[in-house]
Protein chains: 2
Amino acid sequence: MTTQLNAQWIVGFVDGEGSFGLDVHVKNDMRWKLQMQPEFTVVQNEVDIQILYALKDYFKCGSVAINRQDHYGTRYHYRVKSIKDLQKTIVPFFEKHRLKTKKRIEFQRFRRIVLLMHDEYHNKSLQNFLEIVEKGVELRERSRPAKGQKRTKVEEQLQILKATLVDNPNL
Amino acid sequence: MTTQLNAQWIVGFVDGEGSFGLDVHVKNDMRWKLQMQPEFTVVQNEVDIQILYALKDYFKCGSVAINRQDHYGTRYHYRVKSIKDLQKTIVPFFEKHRLKTKKRIEFQRFRRIVLLMHDEYHNKSLQNFLEIVEKGVELRERSRPAKGQKRTKVEEQLQILKATLVDNPNL
């Protein structure tokens with residue numbers, strides 16, 4: 001049987017354990033060779049995986065998968081990264097049920113990114129694209145920096161894009 | 001203005017961020033030279049200190065203080081360690097509003113310790129005292145081990161007490 005959740009419990013749990021982020025990774029078949037994905041994530045130890053499935057049940061979107069394996073054990077996450085689901089379900093939920101910690105500021109920045117991306121703002125020009133990437137960096141301030149290797153490749157591509165924009169301001 | 005909290009939000013937040021523990025430390029003026037204190041604790045970064053004061057306001061007991069200072073900044077805790085307050089306020093709250101993660105098991109063990117200590121069970125014999133210490137160890141299984149120095153002195157005194165009990169089973 002799935003654990004039944006209640007909205008205020010979810011807000012409290014996400015105030016403690018949730019995160020709102022923008023993942024940026026290299027993807028060569030994309031127009032700017034970078035893909036951006038806003039992500040709402042809750043990570044739990046294996047013993048509490050049922051909570052992640054309960055969140056999935058509650059929001060009726062997203063998925064549960066392995067997040068990290070190390071000598072402490074296996075950690076799982078519940079994650080929503082579809083812009084449609086974020087715009088339709090996750091953002092309205094936290095608009096209605098306000099977070100009480102400073103994570104509310106993280107959510108507000110995340111909300112702005114989701115709404116802009118839902119409107120395809122990032123696909124309208126390279127300048128817009130880079131603007132969203134910057135908003136993602138601001139969002140990350142509170143969280144951990146991206147891992148070395150991956151971050152480096154992303155940074156390289158960002159430098160290329162910024163130089164491209166200087167030479168072609170109408171892109 | 002203090003943030004207003006709601007019971008289900010608190011349960012969700014404690015499922016994520018709270019802990020129930022038994023602190024055991026050396027105190028030479030105590031009968032067995034060890035003092036045990038059950039502790040309900042919520043730790044937050046400095047930016048969210050207002051949440052800790054909101055918890056104090058809600059429960060009308062406990063205190064907010066510095067928990068740890070390191071290169072990540074200052075962390076604060078809200079903590080209740082008075083057995084009377086734990087028995088009268090904190091335990092009944094989580095009996096009424098059930099935790100949803102495996103922290104519920106931690107709470108159930110904690111509840112047993114608080115109720116026994118409220119009845120002065122640990123002061124009735126050395127055997128009872130050591131029984132409560134053991135229950136505290138079980139409780140800690142999920143959490144981090146106590147710090148080196150402190151732990152060593154406590155362990156030393158526990159070994160002395162266990163040997164004492166073997167020689168004087170009626171203590």
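**Close-ups of a predicted two-chain model**

Asn170(A) sits in the segment that follows α6 (148–167) of chain A. This is a predicted model, and the legends below take it one close-up at a time.

View 1. With 78% relative accessibility, Asn170(A) counts as exposed. Along the chain, Asn170(A) and Gln127(A) are 43 residues apart, yet their C-alpha atoms are separated by 8.4 Å.

**View 2. How the two chains relate.** Chain A can be superposed on chain B by a rotation of 180 degrees with 0.0 Å of shift along the axis, and the RMSD is 0.0 Å. That is how a two-fold axis relates its copies. Both copies use the same surface, since 100% of the contact residues of chain A recur in chain B.

View 3. The buried set runs through Ala7(A), Gln8(A), Trp9(A), Ile10(A), Val11(A), Gly12(A), Phe13(A), Val14(A), Asp15(A) and Gly16(A).

**View 4. α1 against α2 in chain B.** Here α1(B) (residues 7–17) and α2(B) (residues 49–59) pack at an angle of about 125 degrees, and their axes are 12 Å apart. That angle makes α1(B) oblique to α2(B). The crossing is left-handed. On the α1(B) side, look for Ala7(B), Trp9(B), Ile10(B) and Phe13(B); they meet Ile51(B), Leu55(B), Tyr58(B) and Phe59(B) in α2(B).

View 5. Lys60(B) belongs to the loop between α2 and β3 (63–70) of chain B. Its phi is near 55 degrees, a positive value in a residue other than glycine. For background, most residues other than glycine have a negative phi. Is Lys60(B) buried or exposed? Lys60(B) counts as exposed, at 72% relative accessibility.

**View 6. α3 against α4 in chain B.** α3(B) (residues 83–96) packs on α4(B) at an angle of about 145 degrees, with 10 Å between the two axes. This crossing is left-handed. The α3(B) side of the contact is made up of Ile83(B), Leu86(B), Gln87(B), Val91(B), Phe94(B) and Glu95(B). Facing them in α4(B) are Phe107(B), Phe110(B), Arg111(B), Val114(B), Leu115(B), Met117(B) and His118(B).

**View 7. α4 against α5 in chain B.** The angle between α4(B) (residues 103–118) and α5(B) (residues 126–140) is about 160 degrees, and the axes are 9 Å apart. The two helices are therefore roughly antiparallel to each other, and they cross in a left-handed way. Glu106(B), Arg109(B), Phe110(B), Ile113(B), Leu116(B) and Met117(B) come from α4(B). Their partners in α5(B) are Ile132(B), Lys135(B), Gly136(B), Glu138(B) and Leu139(B). Phe110(B) and Met117(B) also turn up among the α4(B) residues that meet α3(B).

**View 8. α5 of chain B, end to end.** The 15 residues of α5(B) should span 21 Å at 1.5 Å a residue, and the end C-alpha atoms are 21 Å apart, which agrees. Its buried residues are Leu126(B), Asn128(B), Phe129(B), Leu130(B), Ile132(B), Val133(B), Gly136(B) and Leu139(B). As a reminder, an α-helix has 3.6 residues a turn, so residues three or four places apart point the same way.

View 9. Glu120(A) is in the loop between α4 (103–118) and α5 of chain A. Phi at Glu120(A) is near 65 degrees, a positive value in a residue other than glycine. With 41% relative accessibility, Glu120(A) counts as partly exposed.

**View 10. Val133(A) in helix α5 of chain A.** Val133(A) lies in α5(A) and counts as buried, at 4% relative accessibility. The buried residues of α5(A) also include Phe129(A), Leu130(A) and Gly136(A). Which residues does Val133(A) contact, leaving aside its neighbours within four places in sequence? They are Leu22(A), Met36(A) and Leu158(A). Val24(A) is 109 residues away from Val133(A) in sequence, but the two are 7.6 Å apart in space, C-alpha to C-alpha.

Definitions and conventions: Residues are numbered from 1 along each chain as its sequence is written. Chains are lettered from A and ligands numbered from 1 in the order in which they are written. This is a predicted model: local features need pLDDT of at least 70, side-chain atom pairs count only at pLDDT 80 or more; totals for chains, interfaces and linings use all residues. Side-chain values use heavy atoms; hydrogens and water are left out. Copies are superposed by least squares on the C-alpha atoms of residues with pLDDT of at least 70 in both. Contact means heavy atoms within 4.5 Å. Buried means under 20% relative accessible area, exposed over 50%, partly exposed in between (1.4 Å probe, protein chains only). Helices (H or I, at least four residues) and strands (E, at least two) are DSSP runs, numbered from the N terminus. Axes are lines fitted to C-alpha atoms, for helices over the stretch in contact, and angles run from 0 to 180 degrees between N-to-C directions. Angles under 35 degrees count as roughly parallel, over 145 as roughly antiparallel, 65 to 115 as roughly perpendicular and the rest as oblique. A crossing is left-handed if the near helix is turned anticlockwise from the far one by less than a right angle, and right-handed if clockwise. The expected span of a helix is 1.5 Å times one less than its number of residues.
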